[in-house]
Amino acid sequence: MSTLVGSSLFATVNTKYPNKTYKTYNTMATCVDNSRTSQPTPSHHLSVSDQPRFDNPVSKLLKFYRPCLTDFVSQTATNPNPEQLPQPWRTFIEDTKGEEAKKDYIWMKMREESYMDVEREPILSSYYFASILDHNSLESALANHLANKLSNSTLLVHTLYDIFSGVLYEDQEILEAIKEDLKGVKERDPACTSYVHCFLNYKGFLACEAHRVAHNLWLRGREALALLIQNRVSEVLAVDIHPGAKIGCGILLDHGTGVVIGETVVIGNNVSILHNVTLGGTGKECGDRHPKIGDGVLIGAGTNVLGNVRIGEGAKIGAGAVVLKDVLPRTTAVGNPARLVGRNDLFRLDTVQV
């Protein structure tokens, strides 16, 4: 039995009977690892208020699969076979193949991947439950994740959650764009192993989705709030996207660090942008002064595209290029200043990889 003591009230979780939790009292504050051979206090000795309550399916699973502190230290990673998972998890995975999965495949797949990750790394169970498994929709999970990422001592989590969730629940176009972004990252980035990996760990993805919310607020005249979100994303994620910029679906901001996108930029669908890319102005123009990026474009690391120039669909810009003029569709441009070196006649939107 493993016991964690905090002040006078502490909870005991028996690793032999993980579905039973007991409250006991002690005047000492310490951390004790007792013998696993001791028997738990029978549940009928506890008062009604002390009995553990599980009001929803997630909490029922939680009582089985949230390990105690000593289990965190001794637990080794596993690579489970789905057929060998405990019955509650097998039931959930089977449910993802039903009608609900057809309606929202991405969200159901993320939850399935989360259960598999927790089985491999039990030490991450609390993180996965708080970030994914305790939520009933992609909108709620994303609003919570962004709020926790971008909050600080004066901009509170619950305030940001209300802002993000309000926009995500109201604007279904944003939700569909988010799903396309997840698909785009999974398909075009070989390093992305799962949807939930992208959702939790890809700061380029998180910056893009925070921008979608900020852009919605910008269009509704709430500029101060939109600019605040831009500032927090820039400080926390090192990605600076003006809330006025228009961004399509299926966007991959690979690595994300150092990406700068100006106010009048327009980006098409299925565009891949690597780190340290600037889509900015020349400093000599006002008004519509930023680049227009076509569908399926790939922009290499360290590239600067400056001025109101157009990058045609399917074009590729080599790393470190400085683009000051239009680039024709399905061509490759490299160098400083950029020059054309070839055509990409076999271009397909769904096959551009980085």
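Trainee: Does Asn270 count as buried, partly exposed or exposed?

Mentor: This is a predicted model, and the class is read from relative accessibility, where buried means under 20% and exposed means over 50%. Asn270 has a relative accessibility of 22%, and therefore counts as partly exposed. The residue lies in the loop between β9 and β10 (272-273), and its phi is near 55°, a positive value in a residue other than glycine.

Trainee: Where is Arg330 placed, and what is its phi?

Mentor: Arg330 is in the loop between β17 (322-323) and β18, and it has a positive phi of about 55° although it is not a glycine. Its relative accessibility is 24%, so Arg330 counts as partly exposed.

Trainee: Which residues does the cis peptide bond join?

Mentor: The cis bond joins Asn336 and Pro337, with omega at about -5°; Pro337 itself belongs to the loop between β18 (331-334) and β19 (339-343).

Trainee: What does His211 touch, and is it buried or exposed?

Mentor: His211 is found in helix α11 and, at 5% relative accessibility, counts as buried. Leaving aside residues up to four places away in sequence, His211 touches Ile241, His242, Pro243, Ala245 and Ile247.

Trainee: Which residues have the most contacts inside the largest nonpolar core?

Mentor: That core has 75 residues, and those with the most contacts inside it are Phe199, Ile267 and Leu279. The element that gives the most to this core is helix α11 (residues 203-219), with 8 residues. Among the residues that Phe199 touches, not counting those up to four places away in sequence, are Met110, Leu138, His145, Leu182 and Phe205.

Trainee: How is a pair of aromatic rings described, and how many such pairs are there?

Mentor: A pair of aromatic rings is described by the distance of the centres and the angle of the planes. The count comes to 2 aromatic pairs. Tyr127 and Tyr128 form an edge-to-face pair, at 5.9 Å centre to centre and with 80° between the planes. Phe199 and Phe205 have ring centres 6.3 Å apart and planes at 50°, so this pair is tilted. As for accessibility, Tyr127 is partly exposed at 34%, whereas Tyr128 is buried at 8%; Phe199 and Phe205 are both buried.

Trainee: And for the protein as a whole, how many helices and strands are there?

Mentor: The secondary structure comes to 12 helices and 19 strands, and buried residues make up 47% of the 354 residues. The accessible surface comes to about 17500 Å², of which 52% belongs to carbon and sulfur atoms.

How values were computed. Residues numbered from 1 in each chain as written. Predicted model: local features only at pLDDT ≥ 70, side-chain atom pairs only at ≥ 80, totals over all residues. Heavy atoms only, no water. Core = buried A, V, L, I, M, F, W, Y, C linked by side-chain atoms within 4.5 Å. Buried < 20%, exposed > 50% of the residue type's maximum accessible area, 1.4 Å probe, protein only. Helix = DSSP H or I, 4+ residues; strand = E, 2+ residues; numbered from the N terminus. Contact = heavy atoms within 4.5 Å. Areas by Shrake-Rupley, 256 points an atom, 1.4 Å probe, with all protein chains shown as cover. Phe/Tyr/Trp six-rings, centres within 6.5 Å; stacked < 30°, edge-to-face > 60°.
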